Amino acid sequence: MELSQNAQSVLEKRYLARTGNGTQAETPEDLLKRVARAVAEGDRRYGGAEEVQGSFDAFFNMMDRLEFLPNSPTLMNAGRPLGQLSACFVLPVADSMEDIFDAVKNAALIHKSGGGTGFSFSRLRPAGSAVNSTGGVASGPVSFMKVFNAATEAVKQGGTRRGANMGILRIDHPDINGFISSKTQNAEITNFNISVGITEAFMKAVERGCDYDLINPADGSVSGRQNAREIFDRMVSAAWQNGEPGIVFLDRLNRDNAVPSQGEIEATNPCGEQPLLPYESCNLGSVNLAKMLRTIDGNRAVNWEKLRQTVGTAVHFLDNVIDVNHYPLAKIDEATRATRKIGLGVMGFADMLLLLGIPYNSDEAVRLAESLMEFISNAAREKSRELAEKRGAFPLFDVSIRAGGEPVRNATVTTIAPTGTLSIIANCSSGIEPVFGFAYIRNIMDGTELTEVNPVLRQTLERRGLLTDELLRQIAAHDTLAQLDGVPEDMKQVFVSAHDISPEYHIKMQAAFQKHTDNAVSKTVNFRRSATPEDVREVYFLAYRLGCKGVTIYRDGSRSEQVLNIGKVNKENAADTPVESGFITPRPRPEVTIGVTECTKSGCGNLYITVNYDDKGICEVFTNTGRVGGCPSQSEATSRLVSVALRSGMSVESIVKQLKGIRCPSTVRQPGMKCSSCPDAIARAIEKVARAQEFEGYRSAPVNDKLAAGGKLAQDFARENLTVYGKNDVPARVCPECGSELEHEGGCVTCRGCGYSKCG
């Protein structure tokens, strides 16, 4: 198994089994053997020991060569007591308190087992509706999403992954406005991706600019009307601001519903690529396209026969997973086995293009994408038919849209998922995404640095005699090769990164793969920070016109959580503070803050100063005096005014300038004092914390140096919360575990440095 250092690190931290005292209990090869052995056991009910051994060999070799990897729960749990191998689940949320909290409980069980959950909240009555059983009023879908979110926060998935959810609300629900804006501040619903469920009728109303009906789900009555274009523009504006909500086209999901007799598809998994009926689950896996090439007369070409064989073995693997899986609920077991849905996808597509010398943002690449997925889909269905001959069709085949044709083992066979940590293990590009960055600096906690480089770029630079440490550092410092000296023009044309590619080509690529994918395609349209809401609007319409089943966008630096708003950033965010009738209204005090407390000696005795932060920066100051007394009222008054000023958008520098140097006789008379008054001590504490958060060079500085400027700033707080300025002075959210820049993918973030990932 040819593992990069990064892949080895990710496996050790997140996948390899450990003993009760935390000692590593297996090697990467042991892991693959454990997984292959457990999944091969699925053959035993259809054959004997010889079949099991043959499947073990085929599964192990395919994974060992990094040609295919299953979703993370399979790698983590196969052959271990938990035994839950699926990544994707959808749970129903009906309109009663009992059903809602049953769904919360069931979601917690799924998250504990390593899966992610999707929900449609469209059946919940709108806020303000009467509740006959209590005489009260309903609180609406958004309020219950917060309950689900809190439950998710409390459950750590399998000890290695935190739960992730998708929340969907139909466009015609009366609470659609509140849903669209529910993540504007990104502070409460942190474990959810959200998407609006859009209908074809709504999109036609948007095109015409006319009104449409809002439907009360409690009784099907029309509860109001909205202008479709205004609602669409609100969605666009919210997505432009922070990447959410995404959109899913419900009619298209149900057009491809394999068993419409079992109900409507209303929700998807957290990244949007797997539509499922209530209680269904799906296990996913991805073929590494970078490994599906051969060399002919010195030129690389797609190895179609190898691809066919790999797809067949992968479909066999995923079908076996259904039989050996330990499902968290009996209803999930029943629903999953009834349709036997699997989701075979790809990773390494961008690397394949690089190896073939084809720019991602070209019509040639789009045509190859469509041809590849058509071939994969046909090969997967061919294998599913072959399995059905021996094992039988999926139980609901006779009432499915495939009834009357050749029996197949699986109701669906293809899904394009984001591959996050799987692509790190395989050392390839993620899913069908372009390369986000060709090189980056990975910081080790002892202060050393490693430059991680896209393997295809490294090979090309080596072959052409261009590989130097200095060039790699230049590449790591930019999000594109386009402006770098020392890189040949022909390489610049091919080695394009996410921000070199126009949004239109992002959508064209997604649509090309969607044409031959049973389920849906996870793809993020990356916008530069300078993109406008109109740019987002055009992409949404293009996705609609080209037949996509959904779309997710992300504008660089747009998430409010990306900035700890100190120093120069305060000036940007001051513009966000509401101004009413010529007066500034301070933003509300956040519910949760993190802070640093310092004890300093003043003329009044010990003075304890607490400086608190939230995701927008320093937001408040508290003081407390020691037993000797002094003037607590003056210190408290100063602190309160400082807190109001901070939340009104006043810069830290201006506050410090006003307070620093104020002199108090009781302090000045005492020798050895480090402050000249209580206000001066408050200013110095604020200044010290602000200095700790001026993050130029944060990632490249040793940990101790990072913390020295901040006095008692805790190391784990620094690791989990500090934000750096990325390329072109755009705020970049850093990984809480290794400090590398996070990449946005399918509504989630992934760290290429250590494998950390989070949705919501």
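These legends accompany close-up views of a predicted protein model.

**View 1. The whole protein, before we zoom in.** Take a moment to look around: the model contains 27 helices and 32 strands. The protein has 760 residues, and 57% of them are buried. Of the contacts between residues with a separation of 6 or more, 68% join residues 24 or more positions apart.

View 2. Is asparagine 216 buried or exposed? Asparagine 216 counts as buried because its relative accessible area is 13%, and buried means under 20%.

**View 3. The surroundings of asparagine 216.** Start with the side chain: one of its polar atoms lies 2.9 Å from the backbone nitrogen of alanine 218. Now look for partners further along the sequence. Leaving aside residues up to four places away, asparagine 216 touches Pro126, Ser129, Pro174, Ser221 and Ser223.

**View 4. Helix H14 and the glycine that follows.** Follow helix H14 from residue 363 to residue 391, a run of 29 residues. How far does H14 reach from its first C-alpha to its last? The span is 41 Å, close to the 42 Å expected at 1.5 Å a residue. Just after H14 comes glycine 392, which takes a positive phi of about 100°.

Notes. Residues numbered from 1 in each chain as written. Predicted model: local features only at pLDDT ≥ 70, side-chain atom pairs only at ≥ 80, totals over all residues. Heavy atoms only, no water. Buried < 20%, exposed > 50% of the residue type's maximum accessible area, 1.4 Å probe, protein only. Polar contact = N/O pair within 3.5 Å; in protein donor to acceptor, adjacent residues only side chain to side chain. Contact = heavy atoms within 4.5 Å. Helix = DSSP H or I, 4+ residues; strand = E, 2+ residues; numbered from the N terminus. Expected span 1.5 Å × (residues − 1).
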